[in-house]
Amino acid sequence: MTSTIVVTGIGATSPLGGTARESWEALLRGESGVRALEQDWVAEHDLPVTFAGQVKVPATEVLDRIEAKRLDPSAQLALIAAREAWADAGEITDAPERVLVDYATGIGGLWTLLDAWDTIKEKGARRVAPMTIPMLMPNAAAAAISMNLTARGGARTCVSACASGTESIANAIDHLRSGIADVVICGGTEAVVHPLPIAAFAAMHALSKRNDEPARASRPYDVDRDGFVLGEGAAALVLETKEHALARGARIYAEIAGGSVTSDSYHITAPDPEGSGAARAVIEALKQAGVTPDQVNHINAHATSTPVGDVAEYQALERVFGDRVREIPVSATKSATGHLLGGTGALEAVFTILAVNERTAPPTLNLENQDERIPLNVVTSPLPLGDGPVVAISNSFGFGGHNSVIVVKSYDEN
Amino acid sequence: MALSQTEVLAGLAELVNDETGIPVETVELGKEFEADLDVDSISMITIIQNAEDKFGVKIPDDAAAGMKTVDDAVNYIVAAQG
């Protein structure tokens, strides 16, 4: 029999708040975490995009100075989120060898890499900091979490662009069901609000250029959407089997009932126009969760606010849900946070878990004129999800044709 | 103008503190960086890089490798100031 996997701890630091709870409450209030960038480098490089979703609480305000000094911003945010999730999960007394970290990033220590490149150009090779490599490596976040939380069951790193965070949760389910760990800390991080990624994403016409209205720039499904908004942040979950959670008297937020990973094998950046890979990911996750499409009553969509991507996701959803896709309440929370790349799936998992736990779908901002090609039931103010079982999915898709979906179910004590 | 041994010690203690958080007052002559102050090898490299900038001296790798104690570092820097 397949184990029931539950979530017992959540953590996040995002453009909406310094904790999971603060981020969620700001989301429900309809706040936007997208703001104009105030750094000098915006004008210095004449960036075509001058706004982003930066974390509301800088990591350096949370971490010890020396601790922060040895971590790239991406690992700093990861550590903050993981510590919050770990503390939130209550006392865990398992042997460290039974605690596993599976933590994601899309890019890794970009600030460290580019700062070191500046140093070598300006001051020479002898001035490159000796911590450069351990700070820039993409596994640095997983390693930091493992070291800080004394997790010795493996510290794995999942890298699949914008699907990374969700894929790490799908991996965590597998680790628990295979029996290689009793507790898994999973999630994802990204911190690349830096001139280079902004210039590069803008070069591929992926970013919104609504510079005069940052908070209105991320507008999934709106006819005037013009690209995604770069965000930063991290989120983490503590997952374990239901039996393990009950044995230690843990509070259970929800079940993480299924998680899937598929690949398009179509194009390095464009989604499969028929959405077949994404649809397979949804179907596979539902199958693993033991639920049918008819039972799904909330969707946290990938919905990045790009003209093409939002339509492709809709087509995938329609393949799975048929006409019922027009009824299911859909939340597109990147409208408030921007797109956290490798961290986005983890943050949206936290939002989906809280939506299921509190039976409330969070709002989608900036939907003024819905694209008629995407006739979804988009939630624009907090929506009660009823008293019955809640079954939600959270979708993530990434450059490279990566698709990952998780299924979150309300937990029934009986 | 060349700095005295006391001034170099004070400046070095600040660099050690900045890199490791070790209180400046514990960075004293007679102590070993690794055994007494728990400064690891990577921190030591950074401290030496920063010392080159702060004191305007050049500390070759072989000289740096020989700096086991606070005295070693302070005396090298004082002498290297010329």
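Predicted model: local features only at pLDDT ≥ 70, side-chain atom pairs only at ≥ 80, totals over all residues.
**Chain A, overall**

I started with the secondary structure and found 14 helices and 15 strands in chain A. Next I looked up how far the chain reaches: its C-alpha trace spans about 65 × 55 × 40 Å along the principal axes.

Then I checked burial, and 59% of the 414 residues of chain A count as buried. I also looked at contacts between residues at least 6 apart in sequence: in chain A, 80% of them join residues at least 24 apart.

**Helix α8 of chain A**

I picked out α8(A), residues 164-178, to check its length.

How many of its residues are buried? I got 12 of the 15, so α8(A) is largely enclosed by the rest of the structure. The buried stretch takes in S164(A), G165(A), T166(A), E167(A), S168(A), I169(A), A170(A), N171(A), A172(A) and I173(A), and then H175(A) and L176(A) as well. Just past the end of the helix I noted G179(A), which has a positive phi of about 90°.

First up was α4(A), residues 73-88, with α7(A), residues 140-149. Their axes come within 9 Å and cross at roughly 40°. I noted the crossing as right-handed. On the α4(A) side, the contact is made by S74(A), A75(A), A78(A), L79(A), A82(A), R83(A) and W86(A). On the α7(A) side I listed A140(A), A141(A), A144(A), I145(A), N148(A) and L149(A). I kept the helix rule in mind here: with 3.6 residues a turn, residues three or four places apart point the same way.

Then I went to α11(A), residues 276-289, and α12(A), residues 307-321. These axes come within 8 Å and cross at roughly 45°, which makes α11(A) oblique to α12(A). This crossing is right-handed. Here A278(A), A279(A), V282(A) and I283(A) of α11(A) meet E313(A), A316(A), R319(A) and V320(A) of α12(A).

**Chain B, overall**

Over to chain B, where I counted 4 helices and 0 strands. From the N terminus on, the order is α-α-α-α. The C-alpha trace spans about 30 × 25 × 20 Å along its principal axes. For 82 residues a compact globule would have a radius of gyration near 12 Å, and chain B agrees with 11 Å. I found 28% of the 82 residues counted as buried. Of the contacts between residues at least 6 apart in sequence, 55% join residues at least 24 apart.

**Helix α2 of chain B**

Last, I looked at α2(B), residues 41-55. Its 15 residues reach 21 Å from first C-alpha to last, close to the 21 Å expected. Which of its residues are buried? They are S43(B), M44(B), I47(B), I48(B), Q49(B), A51(B) and F55(B). These pack against α1 (5-20), α3 (61-65) and α4 (70-80) of chain B. Just after the helix, G56(B) takes a positive phi of about 65°.

Conventions. Residues numbered from 1 in each chain as written. Chains lettered and ligands numbered in written order. Helix = DSSP H or I, 4+ residues; strand = E, 2+ residues; numbered from the N terminus. Expected span 1.5 Å × (residues − 1). Buried ≥ 20, exposed ≤ 12 C-beta atoms within 10 Å, placed from the backbone. Contact = placed C-beta atoms within 7 Å. Rg over C-alpha atoms; globule rule 2.2 N^0.38 Å. Axes fitted to C-alpha atoms, helices over the stretch in contact; angles between N-to-C directions. Left-handed = near helix turned anticlockwise from the far one by under 90°. Parallel < 35°, antiparallel > 145°, perpendicular 65-115°, else oblique.
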